[in-house]
Amino acid sequence: MKLDLNIQPLESWIKTGKEPLVIAGPCSAETEEQLVATAHLLAATGKISALRAGIWKPRTRPGEFEGIGSIGLEWLKRAKDETGLPTAVEVATAKHVEEALKAGVDILWVGARSTANPFTVQEIADALKGVDVPVMVKNPVNPDLSLWIGALERINNAGITKLAAIHRGFSSYEKSAFRNEPMWDIAIHLKTLAPHLPMINDPSHITGNRSLIGYVSQKALDLDMQGLMIESHIDPSVAWTDAAQQVTPAALVEIIDHLTLRKPEVRDAGVKDKLAELRSQIDKIDDLVIQKVAERMQIAEKIGQYKKDNGITILQVNRWDEILNKRTTYAKALKLSAEFTEKLMELLHSESIRKQTEVMNKGQETPPAEQLTHA
Ligand SMILES: C=C(O[C@@H]1C=C(C(=O)O)C=C[C@H]1O)C(=O)O
């Protein structure tokens with residue numbers, strides 16, 4: 001089911017002529033000089049559609065720099081007056097909304113920690129009632145698509161139709177190359193549910209590391225995201241927050257210039273024909289895959305019945321182990337990754353277990369299939 005969001009196109013609230021659309025600026029506004037000088041360098045690149053700066057910073061641990069506060073709004077105003085760049089800040093309370101609007105901030109965004117808390121989002125939404133301002137909603141810190149959707153709905157229900165989502169990645173306990181795991185599938189899922197909702201990628205917070213920003217930005221554009229929000233500081237080496245992920249305006253230009261832009265729609269008739277031919281091959285293969293999966297499940301059900309008649313447990317760890325090993329080895333020979341093959345086999349195995357559970361417990365009440373498969 002598609003989401004029922006009332007959304008205006010991105011072009012109605014931000015200059016989209018520049019390709020790709022980039023919102024840039026320091027992680028935090030630190031001093032008037034730092035902000036204004038960064039803004040001038042960014043504006044001079046001609047590649048930026050809006051200036052971002054954190055004024056109120058939600059920090060994970062106390063004792064860190066928590067943002068310069070309201071005074072930063074005046075610096076932003078000066079930066080805007082002098083460069084012509086529209087401005088964007090994060091708001092986390094009704095008071096932030098009021099102050100930002102009073103100071104003429106052009107775009108607001110809801111941060112990942114706020115999106116995770118419906119009380120906070122509702123407070124922001126209530127403060128936005130009757131106001132015509134664009135709002136971007138970052139994904140929640142935890143990988144929960146419903147929370148992200150809920151926040152977008154709350155803001156939209158308050159009458160905000162200039163709406164976008166920001167994909168900034170998700171916290172995870174395990175260490176990885178990324179500061180926040182991109183979990184691209186969640187962003188793709190949201191795009192599928194709300195095709196008209198513009199999505200901006202935030203490679204700075206995903207990577208936490210400036211050397212990976214280009215790579216993540218390219219992937220975001222290839223996944224048809226509409227823009228990028230990249231942290232840029234006049235001198236990242238002395239930045240008060242997130243120094244490792246900020247880039248100088250010059251480095252930002254390098255990153256942008258190295259990106260390859262691809263079109264979302266196919267216009268050329270020849271390309272269209274070739275795509276259609278390849279897609280019809282995929283259609284046939286998908287039908288076969290589904291048919292074979294259904295056949296596999298029928299056999300699993302027979303095995304389930306046999307186990308029931310003979311008092312054998314459904315899960316057979318040794319057999320399952322053997323299958324996993326054999327399939328991943330075979331798949332590797334066919335150039336499929338072990339990780340993908342394991343995931344695919346695990347999906348098949350859990351459905352096979354569910355089917356056998358149904359057979360074993362026939363006549364007894366079992367929860368609906370959706371609850372089991374999503375558990
Ligand atoms: C089908 C069986 O039951 C379970 C499901 C399996 C599968 O779907 O391949 C493998 C092992 C068992 O955990 C079986 O025992 O063979």
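Here is a quick tour of this predicted model, from its barrel to its ligand.

Let's start with the strands. Eight of them close into a barrel, in the order β1-β2-β3-β4-β5-β6-β7-β8, and the pairing is parallel. From one strand to the next, the twist averages 30 degrees.

Now for the helices. Helix α1 (residues 32-45) lies across β1 (21-25) and β2 (50-52), and it runs at about 160 degrees to β1.

Two packed helices are described by the angle between their axes and the distance between the axes. Here are the values for this pair:

| Helices | Angle | Distance between axes |
|---|---|---|
| α3 (residues 94-102) and α5 (residues 118-128) | about 35 degrees | 8 Å |

The crossing of α3 past α5 is right-handed. On the α3 side, Ala94, Val97 and Glu98 take part, and they meet Glu123, Ile124, Asp126, Ala127 and Leu128 in α5. Sorted by type, the residues of this contact are 5 nonpolar and 3 charged, with no polar ones.

Finally, the ligand. Which helices each supply at least two residues of the shell around it? They are α11 (269-310), α12 (317-333) and α13 (338-360). Of these, α13 gives the most, with 4 residues. The residues around the ligand include Ala300, Ile314, Arg319, Trp320, His349 and Gln356. By type, the shell divides into 7 nonpolar, 4 polar and 1 charged.

Conventions:
Residues numbered from 1 in each chain as written. Predicted model: local features only at pLDDT ≥ 70, side-chain atom pairs only at ≥ 80, totals over all residues. Near = placed C-beta within 6 Å. Nonpolar A, V, L, I, M, F, W, Y, C, P; charged D, E, K, R; others polar. Axes fitted to C-alpha atoms, helices over the stretch in contact; angles between N-to-C directions. Left-handed = near helix turned anticlockwise from the far one by under 90°. Contact = placed C-beta atoms within 7 Å. Pairing = 2+ DSSP bridges.
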